[in-house]
Amino acid sequence: MTFVATGTDPASAAPAARGAGPLLRAWRERRRMSQLDLALRADSSARHISFVETGRSRPSEEMVLRLAEHLDVPVRERNALLLAAGHAPRYPQTPLDDPALDALRDGLERLLRGYEPYPALVMDARYDVVAANRGIAMLLDGVPESLLEPPLNAMRLTLHPRGLAPRIHNLREWRGHLLAQMERQIALYRSAPLRELYEEVAAYPVPADRQGTPDHPADGAADSVPYFALPMRIEHEGHVLSFISSVSTFNTPMDVTVAELAIETFLPADPATVKYLQALAG
């Protein structure tokens, strides 16, 4: 279960030549918030917000961080705002293999191993896989080596016509879910690499037998299973397994690397999947 250090910059975080004002205005408009709304939340005035956005007033470090907090600006982009306003970055970006993150890696490794035999992985903001357990390795059985060369990308592995896509019985629905998830991330991070990845995977052809109505579960699983969320139903050695995906992030991260990590776990969605995986592990 080796952690892989992936690329460094999922978003364009270069300081704006005209200062922090245009960046703050762009974030405010993205959040559909008026200057008055932002001023009230940040204990300021609409006049001062206007002056900051037009460059007539240079915001203090405290003001930049306060506005960024109320605009829900990602940690990496908060550094960009600080730089654009003439301040030093507040949040470090520690490589994942740095000794300073030993406790983080150890904790994630215990979490992934403890979740076995069910699949779980850790991704960065570009959906590159930095760690995964044996449950994920089981799902990747038979995937061509060309798709398994690092950096592994979860979206590419899932939607590529030579990856997992031909095995996903409800590919139409699952593909729609993943693309919508990427669209939300693009809106949040303003990331050119993420946009390129989205355009790549959205253009993958859908296997002909996966374009219509999804197949019914196999292995005796009842068609009336009361799924509480959209499952991914994927075939493994002739058995159709059903998983519900859950994604977790860290609360109030103080490091760019940590802020952009996400832990995805796949919860068995029916008794047949539980039984199969336990038998496989045993």
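This is a predicted model: local features need pLDDT of at least 70, side-chain atom pairs count only at pLDDT 80 or more; totals for chains, interfaces and linings use all residues.
Five strands make an open sheet, running 2-1-5-4-3, with antiparallel pairing. I then looked for the edges: strand 2 (129-132) and strand 3 (231-236) each have a single partner strand, so one side of each has no neighbour in the sheet. On average, neighbouring strands here are turned by 30 degrees against each other, direction ignored.

Next I followed strand 1 (residues 120-123), which pairs with strand 2 in the antiparallel sense over 3 bridges. In strand 2, A131 is the residue that V122 stands opposite.

I also asked myself which helix packs on the sheet. I found helix 12 (residues 271-281), which touches strand 3, strand 4 (239-248) and strand 5 (262-268). Its direction makes about 95 degrees with that of strand 4.

**Aromatic pairs**

I looked up the aromatic pairs and noted 2 in the structure. Y115 and Y118 are edge-to-face, 5.8 Å centre to centre with 75 degrees between the planes. I checked Y118 for burial: its relative accessibility is 17%, under the 20% cut-off, so Y118 counts as buried.

For F243 and F266, I noted ring centres 6.2 Å apart and planes at 85 degrees, so this pair is edge-to-face. The pair links distant parts of the chain, with F243 in strand 4 and F266 in strand 5, 23 residues apart. I found both F243 and F266 buried.

**Arginines over rings**

Last, I turned to the charges. R30 lies over the face of W27, 4.5 Å from the ring centre. R56 lies over the face of F51, at 4.1 Å from the ring centre.

Terms used. Residues are numbered from 1 along each chain as its sequence is written. Side-chain values use heavy atoms; hydrogens and water are left out. Two strands pair if DSSP finds at least two bridges between them. Helices (H or I, at least four residues) and strands (E, at least two) are DSSP runs, numbered from the N terminus. Axes are lines fitted to C-alpha atoms, for helices over the stretch in contact, and angles run from 0 to 180 degrees between N-to-C directions. Contact means heavy atoms within 4.5 Å. Rings of Phe, Tyr and Trp (its six-membered ring) pair if their centres lie within 6.5 Å; planes under 30 degrees apart count as stacked, over 60 as edge-to-face and the rest as tilted. Buried means under 20% relative accessible area, exposed over 50%, partly exposed in between (1.4 Å probe, protein chains only). A charge sits over a ring if NZ of Lys or CZ of Arg is within 6 Å of the ring centre and within 35 degrees of the ring normal.
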